[in-house]
Amino acid sequence: MLTQSQNELLTRVGPGTPMGDMLREYWVPACRSAKLEADGAPERVRLFGENFVAFRATDGRVGFMQEACPHRCASLALARNEGNGLRCIFHGWKFSVEGKCVDAPTEPIKTRAEFAARVPVRSHPTHEGGGMVWVYLGKQATPPRFPDYEFTQLPDDHVQPTRGIIRTNWLQGLEALLDSAHVGFLHSSNLTSAAGRALFKAESDYMLNDGAPQFEFVEQPYGFREGALRDEGGDLAYARIREVSLPFFSFIPAAPGGAGIVCCSIPIDDVTTAQWYIAYNPHGPMERDIMKAFGNTSGDPDFFNSDMGGPENMWHQDRAAMKAGHWTGITGRGNAYEDFVVQESMGPIVDRSQEYLGTCDRVIYRARHLLLDAVRRFQETGDISFAGPDVDYARIRAISFAYPKGTDWRTIDAFDPPAIAAE
Ligand code: FES
Ligand SMILES: [Fe+2]
């Protein structure tokens, strides 16, 4: 349970809010790289309650700037993209990838160059990795080190980034990603379905065998590792080790073929959130469309849950299917839909002063307090937590494995797992 003021502090992300200012100091995914074609349509991107456009210039570089034209605020999503810059269709002013006004053809020729050089343009540094364009929206003149997670270093065909959009605050999204305790309930029908079993193989049995895993944590400079430990009977135990790289990322283990999945919850504004599911295989190309494998059929990788419905139709929940044995009645779709539905059902910003937490919520409690400490530290000193030279982003990987009871799961190296590790 939090106080209302703690809840406000954690959830408000608009310009000038403490959390908004802190979160802007981290690199965040903005859009899929494949969305941007050289000299193609600019992409509207809304982040932290502000509107931007991303575009790929003639030479392939990515520009990222305010959506409103610095002249009289026409949308630069409408702009011509040509000659290494965006040219506003209203009066023809042109802006470069570097965020400079390089032409203002409505100005007298004599003073034009001088005038253009003085036009204030808000643009931001970008970086491409993991099939996504990332942006730094913070205030530092030199952006912080890019978080070179394993999936950001792989060739494009090894990674599948897919985005869902939910009508809730970012923290609701993050908390659902962190909450392991719901898996054996909310997703129980998916885990036992033919599709779910094909996806998770033995993992679903392990998870269903023990619905009350014991959680252990290891603090890390980037957040924490969480071991969900299950008793499988006899001498066998099962560990599901997740990595939480705050403030946005949760690495979850063991998708098919040795792939992993990274999820993150990126604020679009206070009440809308981009939830990215980034599937990747460090060893080779992704063999299948992971979102299809999860049962998501909208075909839109930028808004895969566009067919999810909402409170007005109870998210298409099928009561007859529930009577017939389906746990949620959210049928024919994957786990992410079930997550999104419960997140949206809490309302746009859940009032955390009204909760009553149990033992299973330790991870939620932990994450909230790490974030509260981080935002207070940022307010007092301007320093960023969960980052810095001692964070080895490339070595963050989730894993799950069965092991003999008595072994300490902390000693297992995710990059060199024991032979008994579950695939
Ligand atoms: S509004 Fe863009 S050039 Fe005038
Ligand atoms: Fe879930």
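1. A polar contact is a pair of N or O atoms within 3.5 Å; within protein, one atom must be able to donate a hydrogen and the other to accept it, and residues adjacent in sequence count only if both atoms are side-chain atoms. Asn190 belongs to helix α6 (residues 188-192); helices (H or I, at least four residues) and strands (E, at least two) are DSSP runs numbered from the N terminus. Asn190 counts as buried because its relative accessibility is 13%, where buried means under 20% relative accessible area, exposed over 50%, and partly exposed in between (1.4 Å probe, protein chains only).

2. On the basis of the values: this is a predicted model, in which local features need pLDDT of at least 70 and side-chain atom pairs count only at pLDDT 80 or more, while totals for chains, interfaces and linings use all residues. Residues are numbered from 1 along each chain as its sequence is written, chains are lettered from A and ligands numbered from 1 in the order in which they are written, and side-chain values use heavy atoms, with hydrogens and water left out.

3. Aromatic pairs number 23. Rings of Phe, Tyr and Trp (its six-membered ring) pair if their centres lie within 6.5 Å; planes under 30 degrees apart count as stacked, over 60 as edge-to-face and the rest as tilted. Trp134 and Phe249 are stacked, because their ring centres are 5.8 Å apart and their planes are at 20°. Trp134 is in strand β10 (residues 132-135) and Phe249 in strand β15 (residues 249-252), so that the pair links distant parts of the chain, 115 residues apart. Trp134 and Phe249 are both buried.

4. Trp170 and Phe248 form an edge-to-face pair, because the ring centres are 6.0 Å apart and the planes are at 65°. Trp170 lies in helix α4 (residues 170-178), and Phe248 in the loop between β14 (236-245) and β15, so parts 78 residues apart in sequence are tied together. Trp170 counts as buried at 0% relative accessibility, and Phe248 counts as buried at 1%.

5. One aromatic cluster includes Trp27, Trp134, Tyr136, Phe146 and Phe249 among its members. At another ring, that of Phe415, Arg395 lies over the face at 4.3 Å from the ring centre, and the charged end of Arg397 sits over the ring, 4.0 Å from its centre. A charge sits over a ring if NZ of Lys or CZ of Arg is within 6 Å of the ring centre and within 35 degrees of the ring normal.

6. Leu177, in helix α4, is buried, with a relative accessible area of 10%. Not counting residues up to four places away in sequence, Leu177 touches Arg242, Ser250, Cys263, Cys264, Ser265, Gln275 and Tyr277, where contact means heavy atoms within 4.5 Å. Helix α4 is also among the elements that cover the buried residues of α1.

7. Thr272 lies in strand β17 (residues 272-280) and is buried, with a relative accessible area of 18%. The side chain of Thr272 makes a polar contact with the side chain of Asp269 (2.8 Å).

8. Pro389, in the loop between α12 and β18 (399-404), counts as exposed at 82% relative accessibility. The C-alpha atoms of Pro389 and Leu191 are separated by 39 Å.
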